[in-house]
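Try each task before you read its solution.

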Amino acid sequence: MAAAKKAVLGPLVGAVDQGTSSTRFLVFNSKTAELLSHHQVEIKQEFPKEGWVEQDPMEILQSVYECIEKTCEKLGQLNIDISNIKAIGVSNQRETTVVWDKLTGEPLYNALVWLDLRTQSTVETLSKRIPGNNNFVKSKTGLPLSTYFSAVKLRWLLDNVTKVQKAVKEDRALFGTIDSWLIWSLTGGANGGVHCTDVTNASRTMLFNIHSLEWDKDLCEFFDIPMKILPNVRSSSEIYGLMKAGALEGVPISGCLGDQSAALVGQMCFQDGQAKNTYGTGCFLLCNTGRKCVFSDHGLLTTVAYKLGRDKPVYYALEGSVAIAGAVIRWLRDNLGIIKTSEEIEKLAKEVGTSYGCYFVPAFSGLYAPYWEPSARGIICGLTQFTNKCHVAFAALEAVCFQTREILDAMNRDCGIPLSHLQVDGGMTNNKILMQLQADILYIPVVKPSMPETTALGAAMAAGAAEGVGVWSLEPEDLSAVTMERFEPQINAEESEIRYSTWKKAVMKSMGWVTTQSAESGTL
């Protein structure tokens, strides 16, 4: 029997989407942006002490290889020839910090995840050294001094892990965020791996000058970071190197964007003033501010949105970052056990249709935007004997929406032009109750693309558009029209305001909970 004819689809582009809770590999048709196949693997998070969050960099790398192989097998079953995959993009959880040995390719410690709080005492010590009238960290990086960003995590590893100290001394240590660790490993690792990052990921380290687009000598001195361990900073769309193993050996890796920048690109927010909100482990609202850095007066970050080519201009964004969104659902599943799968939350919430006065502030890692309050911790309040697990589930979903409203309010105040609707994406947007709640609490329509994998799409677009690949056009007239689902507000404005002001009262009660513990150091 003649071999089954392979489907002819034109050039395809793959995207690695390495998030906090899972890794995915997705393959898109570069002409239509259609998702052809994908595979997903959940990633373990380790909590060795209170406030500590770690992941195994080798597990992350293996999950990437597994997702690539499984997706290629699925494409084979669909009669799609994998030799049509012309490029691969990488999108990643940002800030998460890895130090590895360049001779063996082995990590020297677990990855410190962006949510990790062990550096709080470091942050407090360093903040005393910043003059009140000249916050040079914020003016150079766009970021507040916080446990969230990589510099203090790297500082902790250099201070507390003997293997890291020794490797730095012997010139064997390399630092990177997850994108750097993956690209270095995928392009050969100890055998010629490319040590690089892109401007979006670099802008989240607190070591990068977002104006000059270079590692900043003064910041490296302030945090006492040896510059020789830092990766080379490249644009978000260029060929960094070729895959050296697996089913896609020889394919160029040519796109790299931090996950939130990737979602901005995937949502086609290329114009000044366009914004998107991604619901993942955390919640991230980004607004494109064009080629100018806009600094916030209301607790938002200034960050690099993208630079789509070596000779292309850099674009900036304002960002509202919420630490805990989808993570609250995972917590209800893994810690409290009131649901068995994340999808079940919708069923529980639907049973009651209200939180019945119960409010849940999931400040597990302190509060991020707009408060930047590391002393906050999670609280569930407004409980009565009537409250049951359905109300708590509903309150958890509402918490995601209230936190989004807080960052949207800050964004509107900073930009001066209120958003008329909110473009959304990310795994949680499949939850219709959540989307309707979000429209009600914001009191503007919420608009979601029918293909919610915009983070991966953004990485694929950057990879396919790279010079030397050229299979994906980013010209406005060539971008495919996207079908959208729209959620309109269904409650009256007054009710929406009452609920929001009660939420703010609950937030105030979550603050000032923790004082820095002395049990944060100790050499390993």
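The model is predicted.

**Exercise 1. Is Asp-224 buried or exposed, and where does Asp-224 lie?**

Step 1. Take the cut-off: a residue is exposed when its relative accessible area is over 50%.
Step 2. Asp-224 has a relative accessible area of 51%, so Asp-224 is exposed.
Step 3. Now place it. Asp-224 is in the loop between helix H8 (217-223) and strand E12 (232-234).
Step 4. Check the backbone. The phi of Asp-224 is positive, about 60°, although Asp-224 is not a glycine.
Step 5. Leu-213 also has a positive phi of about 60° and is not a glycine. Leu-213 lies in the loop between strand E10 (208-209) and strand E11 (214-215).

**Exercise 2. Classify the aromatic pair of Phe-149 and Trp-372, and find what the pair ties together.**

Step 1. A pair of aromatic rings is described by the distance of the centres and the angle of the planes.
Step 2. For Phe-149 and Trp-372, the centres are 6.4 Å apart and the planes make an angle of 35°.
Step 3. Rings pair if their centres lie within 6.5 Å, and planes under 30 degrees apart count as stacked, over 60 as edge-to-face and the rest as tilted. The pair of Phe-149 and Trp-372 is therefore tilted.
Step 4. Phe-149 is in the loop between helix H3 (136-141) and helix H4 (150-160), and Trp-372 is in the loop between E19 and E20, so the pair ties together parts that are 223 residues apart in sequence.
Step 5. Phe-149 has 0% relative accessibility, so Phe-149 counts as buried.
Step 6. Compare another pair. Phe-208 and Trp-215 are edge-to-face, at 5.7 Å centre to centre and 80° between the planes. Both residues, Phe-208 and Trp-215, are buried.
Step 7. Widen the view. Ring pairs join Phe-149 and Trp-372 with Trp-114, Tyr-148, Phe-284 and Tyr-368 in a cluster. The charged end of Arg-94 sits over the ring of Phe-284, 5.2 Å from its centre.

**Exercise 3. Describe the largest pocket: which residues are closest to its centre, and which element gives the largest share of its lining?**

Step 1. Start with the space. The largest pocket holds about 1,100 Å³.
Step 2. It is lined by 41 residues, and the closest to its centre are Ser-21, Gln-40, Gly-280, Gly-427 and Met-428.
Step 3. Look for the elements. Those that give two or more residues to the lining include strand E2 (22-29), strand E3 (35-42) and helix H10 (326-336). H10 gives the largest share, 5 residues.
Step 4. Sort the lining by class. There are 11 nonpolar, 19 polar and 11 charged residues.

Notes: Residues numbered from 1 in each chain as written. Predicted model: local features only at pLDDT ≥ 70, side-chain atom pairs only at ≥ 80, totals over all residues. Heavy atoms only, no water. 1 Å grid on protein atoms, 1.4 Å probe; cavity = no way out; pocket = protein on both sides within 12 Å on 5 of 7 lines; lining within 4 Å. Points joined across faces, edges and corners; volume = space filled by probe spheres on them. Helix = DSSP H or I, 4+ residues; strand = E, 2+ residues; numbered from the N terminus. Nonpolar A, V, L, I, M, F, W, Y, C, P; charged D, E, K, R; others polar. Buried < 20%, exposed > 50% of the residue type's maximum accessible area, 1.4 Å probe, protein only. Phe/Tyr/Trp six-rings, centres within 6.5 Å; stacked < 30°, edge-to-face > 60°. Lys NZ or Arg CZ within 6 Å of the ring centre and 35° of its normal.
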